[in-house]
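User: Please take a close look at one part of this model. Then place that part in the rest of the chain.

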Amino acid sequence: MTDRDLTLTSPCTSHDSQWAALLALTIVWHPDQARIGAQFVWAPGTPIDICRYAPLFHPPGGAGLPLGHERVSRSPLRLLPDHRDGEPGLMIALPDSRMTVELNGRPITGGTILDGATLRDSPILTVGRAVVLCLHWMRGLPKVNPVPGLVGVGSGAIEVRDQIRMVAATDLPVLLLGETGTGKEIAARGIHALSRRHQGRLVTVNMAALNESLAAVELFGAAKGAYTGAQADRGGLFAEADGATLFLDEIGNAPASVQPMLLRVLEGGDYRPVGGGRDRRSTARLIAATDQRLGNGEFNQALLRRLEQFVIELPPLRQRREDIGVLIVHLLATQESAPPLPVEFVTALACHAWPGNIRQLAHVLRRALLQSRHGVAPQLQALVRDGAPTPASAPPERASAEPAARKRRPAELTEQELLDAMAGNAWIIQAAAQALHISRPTLYKLLKGHSAIRPAERIPADEIRQALGACDYDLARCAQLLRTPLEPLRRHLRQLP
């Protein structure tokens, strides 16, 4: 089996495969987090209506439900087949309603064409400033094939889990390929957890951190007196992982001196401790990982051929936009009392290129939650340091998109739009103002006269305390329950006796 056989790439790599694949809409974000990751899948060439009541989005292995949220219009947003460039495409026809529709974070005001190239980039649709959808290709129907720690609902994640479940039942060495932060160590832990060796330890070593002179000792052990300070026999990592699994992370950085030794133990299980007089044997199962391409001749090619008995390539996060929502939910589950994220911020997360992949996403989320807890609207460009473009490239359009920077007049905004923007942006005034394309002072003025949004200073103290208790003293959830802006509520609480 070759790298090409196991590489996870875009489904639209050839004209024939485009027509064989399926199109899918995945819920990236929804006010009801239980809905995130649910999918609707259909064959290209069929028009689809998206509204409050249709289509039915199915969670993995579960019953389908419509989007069902009050900010999604009853009048349908239509996705119509468009094949003008010789490959499957779509035209977006806006609903006969005032519902805001955004494509890759930019509002659209008329019929918009999604050509083949745009569909390959998995465009992001945000509807009603409440629900975020990803439109993407699937190479098969969704299915439930869980692997511990490996989250995702798209084809890339499904295929990686399939391969892990397939190889876990064997003793074959596995080579995990993928950019930094794609989850190679989690994949290694999944292979071990599903193997018959799962009761033993997964022994892990970072090959890049091994000292050149002592690398052989760390891996294979040493006899007494083999080097200065060796006052007793020393067991190595292969002995420690005997009967279990040894994970060699960053294998591309393995010191050249130990690469032939690794080849020998892979070929027959035999190795000799440094300074030892006889061979020992290890039954450790070997998993290696790297973010490098090892076929350039600098790495021991015979060792590479042995490691390549089963290759799994983990796709980068920019090729898995449909998985952003379930990854966010998975990462937030490790945070205590995580406040709600603004929809505009989630849209930006889904559109970002993520050169640091899932690891970088986790770091950005932690910083965003810290800001949200203090009433600051998280801004992606301020939280990332990689210079990668945030929005996906704008698709070709047949009707012009409204510029994201255009300021709106206060008279244009309805009370429902104001309420939707506040609720959709975690009741953070700065985030809601940006979503509405108005200034923060303008939004403050509009909120004062709103019939459903309550100034914190006018809410009885007992009601605030009761709401805080009901929300486990999570201030963001309390603001949502009371329908009052978060930061003024925080300031008002400081003044309460």
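Analyst: The expected span of a helix is 1.5 Å times one less than its number of residues. Helices are DSSP runs of H or I with at least four residues, strands are runs of E with at least two, and both are numbered from the N terminus. This is a predicted model, in which local features need pLDDT of at least 70 and side-chain atom pairs count only at pLDDT 80 or more, while totals for chains, interfaces and linings use all residues. Residues are numbered from 1 along each chain as its sequence is written, and side-chain values use heavy atoms, with hydrogens and water left out.

The part is helix α12, residues 357-373. How does its span compare with expectation? The helix has 17 residues, so at 1.5 Å a residue it should span 24 Å. The C-alpha atoms at its ends lie 25 Å apart, which agrees.

Next, burial (under 20% relative accessible area; exposed is over 50%, partly exposed in between; 1.4 Å probe, protein chains only). Which residues of α12 are buried? Asn-357 and Ile-358 are, then Gln-360, Leu-361 and Ala-362. Val-364 and Leu-365 are buried too, as are Ala-368, Leu-369 and Ser-372. What do they pack against? The partners, by contact (heavy atoms within 4.5 Å), are four helices: α10 (324-332), α11 (343-351), α13 (380-383) and α19 (486-495). Gly-375 follows α12, and its phi is positive, near 75°.

Now the rest of the chain. The protein chain holds 19 helices and 17 strands. Of its 497 residues, 53% are buried. Take contacts between residues at least 6 apart in sequence: 66% of them join residues at least 24 apart.

An open sheet comes next. Its 5 strands run in the order β12-β13-β16-β11-β17, with parallel pairing (two strands pair if DSSP finds at least two bridges between them). β12 (202-206) and β17 (311-313) are the edge strands, each pairing on one side only. Neighbouring strands of the sheet are turned by 20° against each other on average, direction ignored. Axes here are lines fitted to C-alpha atoms, for helices over the stretch in contact, and angles run from 0 to 180 degrees between N-to-C directions. Inside the sheet, β11 (residues 174-177) and β16 (residues 285-290) run parallel and are joined by 4 bridges. Leu-175 stands opposite Ala-288 in β16. Helix α4 lies across β11, β16 and β17. It runs at about 160° to β17.

The loop between β10 (131-138) and α4 (155-168) holds Asn-145. Asn-145 is buried, at a relative accessible area of 4%. Setting aside neighbours within four places in sequence, Asn-145 is in contact with Ile-158, Arg-161, Asp-162 and Arg-165.

Then the aromatics. Rings of Phe, Tyr and Trp (its six-membered ring) pair if their centres lie within 6.5 Å; planes under 30 degrees apart count as stacked, over 60 as edge-to-face and the rest as tilted. The whole structure has 5 aromatic pairs. Phe-220 and Phe-238 make a stacked one: 5.2 Å centre to centre, 10° between the planes. Phe-220 sits in helix α6 (residues 215-220) and Phe-238 in helix α7 (residues 237-240), so this pair ties together parts 18 residues apart in sequence. Both Phe-220 and Phe-238 are buried. Phe-238 also pairs with Tyr-271, in a tilted arrangement at 6.1 Å centre to centre and 35° between the planes. That pair links distant parts of the chain, since Tyr-271 is in strand β14 (residues 270-271), 33 residues from Phe-238. Tyr-271 is buried, as is Phe-238. Elsewhere, Phe-40, Trp-42 and Phe-57 form one aromatic cluster.

Last, the backbone. Most residues other than glycine have a negative phi, and most peptide bonds are trans. Ala-54 and Pro-55 are joined by a cis peptide bond, with omega about -5°. Pro-55 is in the loop between β3 (48-50) and β4 (77-82). Asn-104 has a positive phi, near 50°. Its place is the loop between β6 (101-103) and β7 (106-107). Asn-104 counts as buried at 6% relative accessibility. Ser-122 has a positive phi of about 55°. Ser-122 lies in the loop between α3 (116-120) and β9 (124-127), and at 9% relative accessibility Ser-122 counts as buried.
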